[in-house]
Amino acid sequence: MGRGMTGLTGGKEPRDPGGGPEPGGAGAGGALLVVGDVVTDVVARHRGPLASGTDTAAVIRTLPGGAGANVACWAAHWGSADVRLLGRVGADAAAWHERELTACGVRPRLVVDPQAPTGTVICLVDTGAAAERTFLTDSGASLRLDPGDWSDTLLDGVGRLHLSGYLLFSESGRALVGTALASARARGVPVSLDPASAGFLVELGIERFLALVRGVDLLLPSRDEACLLTGLPDGAGAAAELSRRIPLVVAKQGADGALVARNGAVLARIPATPATPRDTTGAGDAFTGAFLATLLTGATPVVAAAEGCRAGARAVERVGGRPPAASHDPKSSDAPAALGGAETVETTRAGALPH
């Protein structure tokens with residue numbers, strides 16, 4: 001694959017039953033490096049069942065998205081001062097995505113794929129009480145990240161590496177995960193991963209997934225993903241079982257909050273923060289971003305999970321998967337197709353992120 005790259009643009013706390021540092025939570029400070037998907041979301045909000053074979057009225061918006069990118073934006077929004085993102089996009093929307101990430105306080109390093117377009121996800125959101133969503137995914141350039149896009153210097157100044165599980169759903173992405181994990185282990189940088197998609201997990205295979213994530217310190221599955229990975233029907237049982245294989249498991253439970261588990265037992269149940277959902281797209285990403293940002297301050301996983309629940313509640317009350325931008329360029333709200341002329345993107349290789 002050829003590649004180019006855009007330049008950098010730059011309540012009461014719950015008691016922690018475990019006491020002291022937790023696996024996957026050690027080491028405060030340093031930057032957060034997220035490696036994952038950057039895609040364009042087309043969000044269609046409709047009410048009730050889709051009318052097959054004819055029209056269904058909907059409100060449709062084009063927004064920046066991608067699980068990895070969303071996590072990075074929410075981490076920055078939640079106070080992490082140095083959040084970096086490695087992702088891959090097509091030339092069609094590289095400049096737009098870079099502007100949107102920068103506006104959220106993220107330092108993007110986007111590899112520009114000369115062949116594949118930026119990934120696109122169509123999000124069908126039923127605007128009923130639960131605001132549940134269904135995704136139609138064209139991964140495009142996002143899953144074409146490969147080991148050639150990685151450099152060990154990407155970890156300079158990094159306190160935690162987070163990998164989007166979507167990387168595991170392509171051969172090149174799996175190779176990159178192995179490379180990044182080895183590099184992080186050599187430097188003593190803790191690594192977290194979000195499984196990303198129960199549907200894709202079925203295609204990948206459970207044992208294959210668990211083999212690929214050996215060396216990960218922290219797993220952040222949804223309830224459905226945890227149950228799928230263990231074959232257990234109960235969210236708490238599934239989180240506990242997963243924590244026999246991965247040092248720390250923080251399982252997102254949707255409207256039931258979150259579970260923190262280690263050594264085969266659930267340590268804490270964190271209640272959800274009340275919210276009136278408009279769009280649940282990106283709620284799990286918001287949880288993960290806020291959780292990691294809080295963990296990097298030296299907080300325990302239980303405290304960090306409470307912050308994650310707060311962020312998830314805020315996310316479901318917005319349309320799209322991102323927090324409000326820290327700064328706003330009027331042009332940045334336009335869809336990629338409305339940007340007008342193309343912008344020149346510098347061609348270079350992956351290297352150190354400027355400090």
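A salt bridge is a side-chain nitrogen of Lys or Arg within 4 Å of a carboxyl oxygen of Asp or Glu. This tour applies that criterion, among others, to a predicted model, in which local features need pLDDT of at least 70 and side-chain atom pairs count only at pLDDT 80 or more, whereas totals for chains, interfaces and linings use all residues. Residues are numbered from 1 along each chain as its sequence is written, and side-chain values use heavy atoms, with hydrogens and water left out.

**Whole chain**

Begin with the entire protein displayed as a cartoon. It contains nine helices and 14 strands; helices (H or I, at least four residues) and strands (E, at least two) are DSSP runs, numbered from the N terminus. Of the 355 residues, 55% are buried, where buried means under 20% relative accessible area, exposed over 50%, and partly exposed in between (1.4 Å probe, protein chains only). Switch to a surface: the accessible area is about 14,100 Å², and carbon and sulfur atoms account for 52% of this. Such areas come from the Shrake-Rupley method with a 1.4 Å probe, and for residues only the protein chains shown count as cover.

**Salt bridges**

Eleven salt bridges are found in a search of the whole structure. Select Arg223 and Asp256, whose closest N and O atoms are 2.9 Å apart in a salt bridge. Arg223 belongs to helix α6 (residues 223-230) and Asp256 to the loop between β12 and β13, so this pair ties together parts that are 33 residues apart in sequence. Arg223 is partly exposed at 30% relative accessibility, and Asp256 is exposed at 53%.

Next, select Asp194 and Lys252, whose side chains form a salt bridge of 2.6 Å, N to O. Here strand β10 supplies Asp194 and strand β12 (residues 248-252) supplies Lys252, so parts 58 residues apart in sequence are tied together. Asp194 is buried at 9% relative accessibility, and Lys252 is buried at 11%.

Move to helix α9 (residues 301-316), which holds both Arg310 and Glu307, three residues apart, or about one turn of the helix. Their salt bridge brings the closest N and O atoms to 2.7 Å. Arg310 is partly exposed, with 38% relative accessibility.

**Nonpolar cores**

A nonpolar core is a set of buried Ala, Val, Leu, Ile, Met, Phe, Trp, Tyr and Cys residues joined through side-chain atoms within 4.5 Å. The largest has 45 residues, and those with the most contacts inside it are Val35, Trp150, Leu161, Leu163 and Phe209. Helix α3 (residues 171-187) contributes the most to this core, with five residues. Apart from it lies another core, of 43 residues, including Leu32, Cys73, Val106 and Leu292.

Centre the view on Phe209. Contact means heavy atoms within 4.5 Å; leaving aside neighbours within four places in sequence, Phe209 is in contact with Leu168, Leu193, Pro195, Leu201, Leu204, Leu219 and Leu229.

**Helix α2 and the cysteines**

Select helix α2 (residues 94-103), where nine of the ten residues are buried. Trp96, His97, Glu98 and Arg99 are among the buried ones. Elements covering them include β3 (39-46), β4 (59-65), α1 (67-77), β5 (83-90) and β6 (106-113). After the helix comes Gly105, with a positive phi near 90°.

Now colour the cysteines. The structure holds zero disulfides, a disulfide being a pair of cysteine sulfur atoms within 2.5 Å. For Cys104, the nearest cysteine sulfur is that of Cys73, 3.8 Å away. Cys104 is buried at 7% relative accessible area, and Cys309 is buried at 8%.

Most residues other than glycine have a negative phi. Ala196, however, has a positive phi near 85°; select it in the loop between β10 (191-194) and α4. Asn263 likewise has a positive phi, of about 50°, and is found in the loop between β13 (258-262) and β14 (265-270). Asn263 is exposed, at 64% relative accessible area.

End at Ala198 in helix α4 (residues 198-204). Ala198 is partly exposed at 27% relative accessibility. Not counting residues up to four places away in sequence, Ala198 touches Glu225 and Leu228. A distance drawn between the C-alpha atoms of Ala198 and Pro221, 23 residues apart along the chain, reads 9.3 Å.
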